[in-house]
Amino acid sequence: MPPKSETQPPTTATTTTPYDPSSASIDPLFLFIRILPYSFLRPPRLRLKLPSLTLPSPMTVYALVLLTYFMVVSGIVYDVIVEPPGIGSTQDRLTGSVRPVVFLQGRVNGQYIIEGLSSGFMFVLGGIGIVLMDLALDRNRAKSVKVSYATAGISSVVLAYVMSMLFIRIKIPAYLH
């Protein structure tokens, strides 16, 4: 008896083919419907240009980020869900006249629309002040421009802080900080 060779032909158990679920069907009607409509149909030859997408400028991205930040800190989502009034009103005890109220006092988890927008503007103003102070540190700018940026940045941050603290004192009258 001759010796067996070391290499054996591959068997069907060791070879793998990708699984195609449509080829597993034995229904002749399914195969007929799958092949017939596409045997004579041809896709049209279109000469379409792919649109070229360009990146937006850094200032456009900055403006979008700043606008998004303003909307988030202003409570736009709260305003859409709860639908509070734009401004409130209260009646004076002595004269009986009705006067407008911008801040919803005593409720930390509620706001009027104008209250949220003004608070959000103060937060954005403080952020812009920080950006202006960063621009004042650029060595390639003239000294007068750097002084202008620094002055505008510091005044923006101080104004935003003072106004935000005033808003908190109006909102929560017993706030002592």
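For the residue classes used below, Ala, Val, Leu, Ile, Met, Phe, Trp, Tyr, Cys and Pro count as nonpolar, Asp, Glu, Lys and Arg as charged, and the others, Gly among them, as polar. The model is predicted, with local features requiring pLDDT of at least 70 and side-chain atom pairs pLDDT 80 or more, whereas totals for chains, interfaces and linings use all residues. Residues are numbered from 1 along each chain as its sequence is written, and side-chain values use heavy atoms, with hydrogens and water left out.

**Whole chain.** Begin with a cartoon view: the chain has 5 helices and 2 strands, in the order α-α-α-β-β-α-α from the N terminus. These are DSSP runs, numbered from the N terminus (helices: H or I, at least four residues; strands: E, at least two). Of the 177 residues, 17% are buried, where buried means under 20% relative accessible area, exposed over 50%, and partly exposed in between (1.4 Å probe, protein chains only).

**Largest pocket.** Select Gln-111, Glu-115, Ser-119, Phe-123 and Ile-168, the closest to the pocket centre of its 17 lining residues. A pocket is an open set of points on a 1 Å grid over the protein atoms alone, where a 1.4 Å probe fits, with protein on both sides within 12 Å along at least five of seven lines; lining residues have an atom within 4 Å of a point. The lining comprises 8 nonpolar, 7 polar and 2 charged residues. Helix H2 (58-74), H4 and H5 each supply at least two lining residues, and H4 gives the largest share, 5 residues.

**Nonpolar core.** Next, select Phe-103, Met-122, Leu-125, Ala-160 and Phe-167, which form the largest nonpolar core, a set of buried Ala, Val, Leu, Ile, Met, Phe, Trp, Tyr and Cys residues joined through side-chain atoms within 4.5 Å. Helices H4 (113-135) and H5 (143-171) each contribute at least two residues to this core. Centre on Phe-167: beyond four places in sequence, Phe-167 is in contact (heavy atoms within 4.5 Å) with Phe-103, Ser-118, Ser-119 and Met-122.

**Ser-164.** Stay in helix H5 and select Ser-164. Is this residue buried or exposed? Ser-164 counts as buried because its relative accessibility is 14%. Its side chain reaches the backbone oxygen of Ala-160 at 2.8 Å.

**Glu-83.** Finally, move to the loop between helix H3 (76-82) and strand E1 (88-91) and select Glu-83. Phi of Glu-83 is positive, near 55 degrees. Most residues other than glycine have a negative phi. With a relative accessible area of 63%, Glu-83 is exposed.

Methods:
Polar contact = N/O pair within 3.5 Å; in protein donor to acceptor, adjacent residues only side chain to side chain.
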